Amino acid sequence: MYSQGQPRLHPLQEDALLRRINTVAELELGAPCILSCLYAGRDFFNSFGLVQAALYMLKDDCLAYILSYLATSKEDVDLAVSALPLFKGVYKTDIVWKEICQSRWREKWGFSRRWKEALDDFTSHHTSGMSKTSELHQTQFFWLHRYDIEERDSSRRVITRDELCNYTFEVRRWFSQNDPGDVRSLEDILSTGLNQQGRNCQFTYAGQFLGYSENVRNYTFGGTTPLKPHSQKITVSSMDSFTVLRTPDWGWQLNSNNYVMRSYDEIGDKFASSELLWKDLNENLVMEQRPPQVVSRFNWREIPDDEDLQTILPWRNSWRTAQ
C-alpha cells in the first residue's frame with residue numbers, strides 16, 4: 001500500500017478511511033463502482049477525516065483539555081459531542097466543566113464567593129469525600145454536578161438569613177416627582193426613581209436594618225417565625241413588606257410598592273457598580289399612560305418593561321401635586 005519512504009497512516013486512520021469507503025461500497029448493492037469508492041476516499045480527506053481519526057489516538061485527558069478549549073457553555077459541549085462522538089467519553093469530566101463553570105459564573109452576581117466556595121468544596125470532596133453541598137459526594141463528576149446545582153439555585157426565590165445579613169443592599173424608591181438632573185422628569189411624566197442616588201444598607205442578625213436613615217429600623221424575617229431558616233418576605237418597620245425576587249444576573253432583589261433593593265457582593269463583585277447593578281431595569285424603561293380612573297397631575301410614568309413590576313406597582317391617586 002505504501003512505497004518505501006512515504007509517510008504512513010496510523011492504523012486508526014487507515015481503519016477510518018476504509019470504513020468510509022466500505023460504507024459507500026455497501027450501498028452499491030454488491031457491485032461497487034471504483035469511481036464511487038475513489039470519491040468517498042477523497043471526501044474523507046477533504047472533510048478532515050484524518051484529523052478526526054488522529055484524535056482517537058489521544059489520551060482521555062488530552063481530549064478533555066481540547067474540549068474544554070472548544071466549549072465555553074453547555075450548548076457548546078452538546079454540539080461538540082454531536083459532531084465528534086469521540087468526546088462522549090470525556091465530556092462529563094472535571095477538566096471540561098471546571099472551565100465552563102468559571103466562564104458561566106464570571107458573568108453572574110457574586111462570582112468571587114461562588115467560585116471560592118466551589119473550589120473549597122472540590123478540595124474537600126477529593127481529600128475527605130465530604131462536601132458542604134451534600135449532593136456532591138454522590139457523583140465523581142464534581143464540576144458538572146456543581147454547575148447543575150448553581151443553575152437550579154439561580155431561580156430560588158427564598159433567601160436565607162445568612163445571605164440576607166452577609167450582603168449589602170442598595171435601596172431606591174420607586175417613582176420620584178422631583179428627580180434632579182433627569183431630563184425625562186417633565187411636567188406630566190413621573191420618573192421611575194431609578195436614577196436617584198441609592199443608599200447602601202445592611203441587615204443584621206440582631207434584627208436591625210441599618211443605613212437607610214439615622215434612625216435604626218427593625219425588620220422581621222419570615223413573618224411571625226423569626227427562626228425560620230429562609231423566607232420570601234422581609235418586613236422593615238416604617239418602610240414596607242418586601243417580596244424576595246431574583247435578578248437576571250442571579251442577584252437578590254427585595255421589592256415592594258414603594259422601594260426596591262438590590263444586593264451586591266463587596267468581595268470582587270463587578271455588579272457593585274450602581275450603573276451595572278440597575279442596568280437591566282434602566283435600559284428597558286417604557287412610558288405607561290395613566291389609567292382614566294386614577295386622579296393625578298401626571299399623564300405618564302416611566303416603568304421597567306416588566307409585566308410583574310407593572311402589576312405590583314399601581315398608579316396612586318396621591319400623585320396629585322409636586323413634592
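Predicted model: local features only at pLDDT ≥ 70, side-chain atom pairs only at ≥ 80, totals over all residues.
Figure 1. Leaving aside residues up to four places away in sequence, His 230 touches Val 158, Ile 159, Thr 160 and Phe 221. A further relation across the chain involves Asp 162, which is 68 residues from His 230 in sequence, while the two C-alpha atoms are 9.0 Å apart in space.

**Figure 2. The largest nonpolar core and the surroundings of Ile 234.** The largest nonpolar core comprises 37 residues, and Phe 203, Ile 234 and Met 261 are those with the most contacts inside it. At least two residues of this core come from each of α9, β2 (168-173), β4 (199-203), β6 (217-221), β8 (233-236), β9, β10 and β11 (259-264), and the element that gives the most is β11, with four residues. Which residues does Ile 234 touch, not counting those up to four places away in sequence? They are Ile 159, Leu 164, Phe 203, Tyr 219, Thr 220, Phe 221, Asp 240, Ser 241, Phe 242, Val 244 and Leu 254.

**Figure 3. Two residues with positive phi, Ser 238 and Trp 250.** Most residues other than glycine have a negative phi. Ser 238, however, has a phi near 60°, and Trp 250, likewise not a glycine, has a positive phi of about 80°. Ser 238 is placed in the loop between β8 and β9, whereas Trp 250 lies in the loop between β9 and β10. Is each of these residues buried or exposed? Ser 238 counts as exposed because its relative accessibility of 68% is over the limit of 50%, while Trp 250 is buried because its relative accessible area of 5% is under 20%.

**Figure 4. The buried and exposed sides of helix α5.** In helix α5, which spans residues 74-83, the buried residues are Val 77, Ala 80 and Val 81. These three lie on the same side of α5, because the arc that they cover around the axis is only 95°. The face turned away from this buried side carries Glu 75, Leu 79, Ser 82 and Ala 83, which are exposed. Among the elements that cover the buried residues of α5 are α4 (60-70) and α6 (94-106).

**Figure 5. The buried and exposed sides of helix α4.** The residues Leu 63, Ala 64, Leu 67 and Ser 68 of α4 are buried. They cover an arc of only 140° around the axis and therefore lie on the same side of the helix. Tyr 65 and Tyr 69, on the other side of α4, are exposed. Helix α4 also takes part in covering the buried residues of α5.

**Figure 6. The largest pocket and its lining.** The largest pocket holds about 580 Å³ of space. Its lining consists of 21 residues, and those nearest the centre of the pocket are Glu 117, Asp 153, Arg 156, Glu 163 and Tyr 167. Two or more lining residues come from each of α7 (111-128), α8 (142-153) and α9 (161-166). By class, the lining of this pocket comprises 13 charged residues, together with four polar and four nonpolar ones.

**Figure 7. The second largest pocket and its lining.** The volume of the second largest pocket is about 370 Å³. Of the 20 residues that line this pocket, Leu 245, Gln 253, Asp 306, Asp 308 and Leu 309 are the closest to its centre. The elements β9 (240-246), β10 (252-255), α11 (279-282) and α12 (307-312) each give two or more residues to the lining. Divided by class, the residues lining the second largest pocket are seven charged, seven polar and six nonpolar.

**Figure 8. The protein chain as the setting of the close-up views.** The protein chain has 12 helices and 13 strands, and 41% of its 323 residues count as buried.

Terms used: Residues numbered from 1 in each chain as written. Heavy atoms only, no water. Buried < 20%, exposed > 50% of the residue type's maximum accessible area, 1.4 Å probe, protein only. Arc of directions from axis to C-beta. Contact = heavy atoms within 4.5 Å. 1 Å grid on protein atoms, 1.4 Å probe; cavity = no way out; pocket = protein on both sides within 12 Å on 5 of 7 lines; lining within 4 Å. Points joined across faces, edges and corners; volume = space filled by probe spheres on them. Nonpolar A, V, L, I, M, F, W, Y, C, P; charged D, E, K, R; others polar. Core = buried A, V, L, I, M, F, W, Y, C linked by side-chain atoms within 4.5 Å.
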